[in-house]
Amino acid sequence: MAQIVTIDPVTRIEGHLRIDVEVEDGVVKDAWSSGTMFRGIEMLLKDKHPWDAQQVTERICGVCPLVHGTASSYNLDDAMGVELPDNARLIRNLCLGANFIQSHILHFYHLAALDYVDVTAVLNYAGNNPGLKALKGKIAGLAKANDLYPFMPRYESDDYVSDPEVATTLVGHYVEALEARKKAQEMLSIFYGRMPSFVGTIPGGVTVQPTVSNIAAFRSRLAELRFWIDNVYVQDIMTVAGVPAYSIFFTAGDSGGNYLAYGGFDENSQGTEKFLPSGYILANGVSAVKTFDEQQIIESVKHSWYTEDCEGRQPSDGKTDPDLEKDGAYSFLKAPRYEGKPMEVGPMARMLVLAGLELSGKIPENKQLLVPLIKQLGLDAKVTELVTAGKFGILPRHAMRALECKLLADQMDVWLDQLKPGEPIWDPKGKDIPSDSQGMGLVEGPRGALGHWITISGKKIANYQCVVPTTWNASPRDKEGNRGPIETSLLGLPVPDPENPINVVRCVRSFDPCLACAIHVIHPEHNGVKEFRVV
Amino acid sequence: MEEKGVTRRQFIKYAGATAALLGLSQALVPEIARALEEMAASGKPPVLWIQGQNCTGCSVSFLNTNYPDAAEVVLDKLSVRYQPTVMAAAGYQAFGVIEDTAKELAGKYVLVVEGPIPTAEGGEFCTFGLEEGTKDLLGNKVPKDKPIEVWMEQLVPGAAAVIALGNCASFGGIPAANAEVTGTTAVLDVVKKIDKDKPVINVSGCPSHPDWFIGTVLYYLLNGKVPELDRYNRPTMFFGKLIHENCERRASFDAGLFLEDWNDNNPDMKLCLFKMGCKGPVTYADCPTRRWNSAVNWCVGANAPCHGCAEPAFYKDLSPLYEPLPDINFMGINNAETLGWIAAGATAAGIVGHYLYKQLGKKAPEGGEE
Ligand code: SF4
Ligand code: SF4
């Protein structure tokens, strides 16, 4: 018999998400994803000084303020006609990269790992590592006091990693990862002042000049992190992926085969070359990566709490008018579609686009990054198998995130070498606010493709819009009835015990959803802004 | 010994770190250690940490804590029962923990609220967990969402104290600029309606500094009372001093050496950011001495102005963020009250006077505010 299982709150993500699944005969038959919190960030920017945009939009999300601040800076650079100095471009890459590192580590260890590792297995640890023994002592103390919060309660399942040695090592890495991600934020604050909510990028460039000493301070932390990513993070992913019980997750959790990347990390001052390339993939055609064109983005609100008038619009002409009474609506998220299709964005989309361009020879062999790394890790057979099957599920999503983290951390060392102390960091044109202008800033954030748009009139912000990654991934159904990527990914997942739908949250969390980003829209009626859009 | 959880030696270590965090004399370490030990023996104090219209920045900032570090807080110090960003449980198990704690430990738990409370449209702009009743989901009957406003009504009466975490929970912050639509309300105002005597501590900052939050919690637990608060309910031990008075660039300000081009910022010059919009002269927080991210840097340290993120006036009434203060304060000096800095207004007036006199090459008048 079919039954609806409601999971609210979905914890260990950013923001407020509710998931409903229909379970029949132990398998998910249907799924609905709902964003359940609304603020309205863009509205307060109207009539403000354009320079405020970066400080305000980075508060859209406290996990990745960097990506909003960076998109906002590129957006304003574009509106002011800035020529970005190389130092500024490199420092922006370095700090955005540092945030990818902190965000990816946080995601795997602190948001996802408790779905796989049995913390109580630590009680059976019999090894001699002093750190792990101390950890065992603490967990034993908590167990005795019957106070294992926040690690218990949890969904029960018989497939948690429970080998005491392996589980204890992973729990030890959970603790180490707290330090690693903290270090990534320290590294970032060298150039950007503080995290979360940083101050170091401004229209026209950045605020801190590279010096021998701040480069050295950055590099020493980066070296530690690179070692940790190579020897702990990437290895732990391989350990978890090697657990026989999880082998179904290589393909289970596939989002439907469409992937989109705007591209990110500029390699030249015009931004025409990117370290992570742009492109999109349809129906799992990994080796046939297509050229991205932003005009193909249309948003549907058939099942979102917005009026019918917001339906079917392109971002440049978008509109957002909330309607909490609307029939058939179940989310504050809109449903953006590319060529009418739902698209997964994020590390998996970026890595598949990169892999596709490398495999098809569009990126010459001497410039390839991912394919050689996959070979070096001995993953080529597995990857070929998945490409042939045309399905990429929960585990590939985690693995791609880790590989991307490694590629970026390695490249950051190269960018550090390219910094030139004493050379400009700022184009003063950034201070020259034109009376009327428009701008666009497209970047990649840890969770995927992000765009900011600005219209300046009378030297003030007339309109400011953001299109964010999680709206793509966690979107509800569109007007054709197509499910969003997360909804599709849940279909067919085994849920043997509806009281403990562990596989559902494993799958949702593999997308690293950020709901605060996804719902930041404004109300046109109340603030008088007529044209508004959210995704 | 180390297999038995927290050792005596660790208590001494924690006590030392706690004293440093709270700015107390190291002579008090043995006493703090004893208090910590007693606290541990009677079970870790329960914490319920719920999220309203937040961005999770304060949760992420909390993870940057050093003394004690995040693992120590969670394993040794507090019983963090509900914290949606880190807890294992989801769905009914997760909100079931809140319900159980509220019932079993009434009067004992600390309620931390990250983000303000939207009260318009029956609270539907922010919900988590489920309540009695059903709603329709494309033809299916499913359980109803529970507004955070309803959670507040349920949890405030039994809370020992309420901590509003971050500028937006404390004062409405950025979401309050859209209050006409969502009814964004500061935590203090929501609590007052439920129980006007309930202690509420505003740990401001956008986001809050981990030391400000953990220091406040430790102070409360060690002393069994709320720390001294300023008129905005912020602990004076962290928000008692003007940034401008303690800024490492104050000498440049006094000498009239201002940063005007970011390419011109010879790292040794330490030029004052006043002309680039620094709000340090009207902001009360200990950032210049405490600094951020393991004391690696802070806003002014990165050649960027302080944006005043700890103030009730942030963001709206401190905009434009990159224009010098006179633009708002000099013109708007009469409405300093509406700006939310009554006393700071006077100080700012003095500063503005000082600044203009420097510009004109004159001496500041005797007895001026400074
Ligand atoms: S104006 Fe700002 S940078 Fe200058 S001394 Fe005051 S606080 Fe420091
Ligand atoms: S220096 Fe100012 S803007 Fe920066 S954290 Fe402190 S109060 Fe906030």
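1. How much of chain B is made up of buried residues? Of the 370 residues in chain B, 63% are buried, where buried stands for under 20% relative accessible area, exposed for over 50% and partly exposed for what lies in between (1.4 Å probe, protein chains only). The secondary structure of chain B comes to 17 helices and nine strands, these being DSSP runs numbered from the N terminus, with helices (H or I) of at least four residues and strands (E) of at least two. Among the contacts in chain B with a separation of 6 or more, 69% are between residues 24 or more positions apart, contact being taken as heavy atoms within 4.5 Å.

2. On the source, please bear in mind that this is a predicted model, in which local features need pLDDT of at least 70 and side-chain atom pairs count only at pLDDT 80 or more, while totals for chains, interfaces and linings use all residues. Residues are numbered from 1 along each chain as its sequence is written, chains are lettered from A and ligands numbered from 1 in the order in which they are written, and side-chain values use heavy atoms, with hydrogens and water left out.

3. Chain B holds an open sheet of five strands in the order β2-β1-β3-β7-β9, with parallel pairing; two strands pair if DSSP finds at least two bridges between them. Its edge strands, each pairing on one side only, are β2 (79-82) and β9 (200-203) of chain B, and the twist averages 25° from one strand to the next. Strand β7 (residues 161-165) of chain B is joined to β9(B) by four bridges and runs parallel to it, with Ala164(B) opposite Asn202(B) in β9(B). Helix α9 (residues 187-194) of chain B lies across β3 (110-114), β7 and β9 of chain B and runs at about 155° to β7(B); axes here are lines fitted to C-alpha atoms, for helices over the stretch in contact, and angles run from 0 to 180 degrees between N-to-C directions.

4. In chain A, an open sheet of three strands has the order β12-β13-β14, and its pairing is antiparallel. The strands β12 (436-445) and β14 (460-467) of chain A are the edges, each pairing on one side only, and the twist averages 15° from one strand to the next. Seven bridges connect strand β13 (residues 448-457) of chain A with β14(A) in the antiparallel sense, and Thr455(A) stands opposite Asn463(A) in β14(A).

5. Strand β2 (residues 17-24) of chain A is largely enclosed by the rest of the structure, because seven of its eight residues are buried. β2(A) is joined by five bridges to strand β1 (residues 3-7) of chain A, the two running antiparallel, and Val23(A) in β2(A) is the bridge partner of Gln3(A). With strand β3 (residues 27-35) of chain A, β2(A) pairs in the antiparallel sense over eight bridges; β2(A) and β3(A) form a hairpin with two residues between them, and Asp25(A) in the turn has a positive phi of about 50°.

6. Helix α7 (residues 347-359) of chain A packs against helix α10 (residues 394-418) of chain A at an angle of about 70°, with the axes 8 Å apart. That angle makes α7(A) roughly perpendicular to α10(A), since angles of 65 to 115 degrees count as roughly perpendicular, under 35 as roughly parallel, over 145 as roughly antiparallel and the rest as oblique. Residues of α7(A) that meet α10(A) include Met348(A), Met351(A) and Leu354(A), and those they face in α10(A) include Met400(A) and Leu407(A). Twelve of the 13 residues of α7(A) are buried, so this helix is largely enclosed by the rest of the structure.
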